[in-house]
Amino acid sequence: QVQLVESGGGLVRPGDSLRLSCTASASAFTINAMGWYRQAPGKQRELVAVITSGGTTNYADSVKGRFTISRDSAKNTVYLQMNSLRPEDTAVYYCNAKESRAGWSGPYELDYWGQGTQVTVSS
């Protein structure tokens, strides 16, 4: 199965930047998309950004213009560059990967999650 290893979280001040990294196992050649979700205390997990195997990106409205998702195919790694961080961005950030599989009824996806990395934005 796909293994996701995250890094880059930490404690920063409002307006600062962080870059999160997520590296998938070398055998994960069937991944359709990778993205970042976040979950704040008492809140449901929400999508932050996603990038497909074709390079298409999408962002939550709350992070548009501030966050950038990118990938390095050679390193099998996806990044989330987070600029102009706000206290509302405080959450555990999870890397997500969707692996395409062929089933008897057609293709389906397996969902994989990283362990999560804490991002805290506080003055």
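A word on the source before the details. What you see is a predicted model, and every value I quote is computed from it.

I will take the covalent link to begin with. How many disulfides does a search of the whole structure find? The search returns 1. The two partners are Cys22 and Cys95, and their sulfur atoms sit 2.0 Å apart. In terms of the chain, this pair links distant parts: Cys22 belongs to strand E3, residues 18-24, while Cys95 belongs to strand E9, residues 91-103. The separation between the two cysteines is 73 residues.

For those who set up torsions, the angle about the S-S bond of Cys22 and Cys95 is about -85°, so this disulfide is left-handed.

Are the two cysteines buried or exposed? Cys22 has a relative accessible area of 0%, so Cys22 is buried. Cys95 also comes out at 0%, and therefore Cys95 is buried. The cut-off for buried is under 20%.

Now the charged side chains. The count here is 6 salt bridges. I will go through some of them, with the accessibility of each partner.

Start with Glu46 and Arg38. Their side chains meet in a salt bridge, with an N to O distance of 2.9 Å. Arg38 is buried, at 6% relative accessible area. Glu46, at 38%, is partly exposed.

Next, Asp61 and Lys64. These two form a salt bridge in which the closest N and O atoms are 3.1 Å apart. Asp61 has a relative accessible area of 66%, so Asp61 is classed as exposed. Lys64 reaches 48% and counts as partly exposed.

Then Arg101 and Glu99. Which atoms set the distance here, and what is it? The side chains meet in a salt bridge at 3.2 Å, N to O. Glu99 is buried, with 8% relative accessible area. Arg101 has 32%, so Arg101 is partly exposed.

To recap: the model has 1 disulfide, which joins Cys22 and Cys95, and 6 salt bridges.

Key:
Residues numbered from 1 in each chain as written. Predicted model: local features only at pLDDT ≥ 70, side-chain atom pairs only at ≥ 80, totals over all residues. Heavy atoms only, no water. Disulfide = S-S within 2.5 Å. Helix = DSSP H or I, 4+ residues; strand = E, 2+ residues; numbered from the N terminus. Buried < 20%, exposed > 50% of the residue type's maximum accessible area, 1.4 Å probe, protein only. Salt bridge = Lys/Arg side-chain N within 4 Å of Asp/Glu carboxyl O.
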